[in-house]
Amino acid sequence: MSLFKNIFSKDKKETLDKGLEKSKTSFFGKLGKAVAGKSKVDDEVLDNLEEVLVTSDVGVNTTLKIIERIEVRVSRDKYMGTDELNTILREEIAGLLSETNSGEDTEIAVPKDKKPYVIMVVGVNGVGKTTTIGKLAHKFKASGLKVVLGAADTFRAAAIDQLEVWAKRVDVPIVKQKMGSDPASVAFDTLNSAVAENADVVLVDTAGRLHNKVNLMNELSKVKRVMQKVVPDAPHEVLLVLDGSTGQNAFEQAKQFTKATEVSSLAVTKLDGTAKGGVVIGISDQFQIPVKYIGVGEGIEDLQVFNKYEFVDSFFKYE
């Protein structure tokens, strides 16, 4: 099918295949049971398939859209064998995701007319936020861009220490203050430093708390306002990091954060350690916010630019 092109490097595609192994194995195990003893796609098979997709964390709304698309094909074709179901799923899910204006990229990039390009990173503690920032810094630097990190998650000493470890590992400058400092003050210093150093990209870590949405909203709003004193249109991107291994809980976090601040992009992490990879399909479809990055391993290169066609190809590739 024309939607599936060889647009990733071989190594990158192999990493993606490996990272989705648990999700794939779980999905095909369920799919095998759903069509056992059936040679034709009928209502019973479609009901079973609906259950498989929901229990694979694709999400109810997205699952219903996929089933509707397959029903149209079943009614159009006089006979559709269950052996064709895998190919049809790949095509229909790729078709569904092609209706969203995201997930087309294969390489990391930032707009050339924004310098420094400021990314504010949000997400609850434990989702891999700081690690994602470190890996992004590595990717940006490897593509020839000058990067500055800002440790504005000042409520946890571990967050500052962890980001400092990444800054040393990637060999990029970090701006920090002591634990308990005003996050907005750290963001202000970070942007001043980035402007002075003629940096291309700024990654600002922020506090990962969601126990009180009002406090979070006020804090993030203040960080934004203070940033704009240095770079008037900052932040250019608000990246929400979600833990893919939490499945439907990632949906809930996305809902809560999008209410608290204007999230403009998503990173879904820890997909290699879970069978809940289907959540990426649901999140891509349900939120009008692009999934830009996915984490498919612990290595520094294992944060990938999300491409929906390659993702669907890897997820539904049955060998």
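1. A salt bridge here means a side-chain nitrogen of Lys or Arg within 4 Å of a carboxyl oxygen of Asp or Glu. By that rule the structure has 20 salt bridges. Keep in mind that this is a predicted model, where local features need pLDDT of at least 70, side-chain atom pairs count only at pLDDT 80 or more, and totals for chains, interfaces and linings use all residues. Numbering starts from 1 along each chain as its sequence is written, and side-chain values use heavy atoms, with hydrogens and water left out.

2. Start with Glu310 and Lys13, whose side chains meet in a salt bridge at 3.7 Å, N to O. Glu310 sits in helix H12 and Lys13 in helix H1 (residues 10–19), so this pair ties together parts that are 297 residues apart in sequence. Helices (H or I, at least four residues) and strands (E, at least two) are DSSP runs, numbered from the N terminus. Both partners, Glu310 and Lys13, are buried, where buried means under 20% relative accessible area, exposed over 50%, and partly exposed in between (1.4 Å probe, protein chains only). The two also belong to a salt-bridge network that links Lys13, Asp17, Arg90, Glu310 and Asp313.

3. Now for two other bridges. Lys141 and Asp171 pair at 3.7 Å, N to O; Lys141 is in helix H6 (residues 129–142) and Asp171 in the loop between helix H7 (157–170) and strand E3 (174–175), so parts 30 residues apart in sequence are tied together. Lys141 counts as partly exposed at 33% relative accessibility, while Asp171 counts as exposed at 55%. Lys222 bridges to Asp182, with the closest N and O atoms 3.0 Å apart. Lys222 lies in helix H9 and Asp182 in the loop between E3 and H8, so here the tied parts are 40 residues apart in sequence.

4. On to the aromatics: there are seven aromatic pairs. Rings of Phe, Tyr and Trp (its six-membered ring) pair if their centres lie within 6.5 Å; planes under 30 degrees apart count as stacked, over 60 as edge-to-face and the rest as tilted. Phe27 and Phe316 have ring centres 5.2 Å apart and planes at 90 degrees, so they are edge-to-face. This pair links distant parts of the chain, with Phe27 in helix H2 (residues 21–34) and Phe316 in the segment after helix H12 (308–315), 289 residues apart. Both Phe27 and Phe316 are buried.

5. Phe311 and Phe315 make a tilted pair, 6.0 Å centre to centre with 35 degrees between the planes. They are four residues apart in helix H12, which means about one helical turn separates them. Phe311 and Phe315 are both buried. One aromatic cluster takes in Phe27, Phe28, Phe306, Phe311, Phe315 and Phe316.

6. Some backbone spots to look at. Most residues other than glycine have a negative phi, and most peptide bonds are trans. The Lys115 to Pro116 bond is cis, with omega near -5 degrees, and Pro116 is in the loop between helix H5 (85–97) and strand E1 (117–122). The Ala234 to Pro235 bond is cis too, with omega near -5 degrees. Asp57 is not a glycine but has a positive phi of about 70 degrees; Asp57 lies in the loop between H3 and H4 and counts as buried at 8% relative accessibility.
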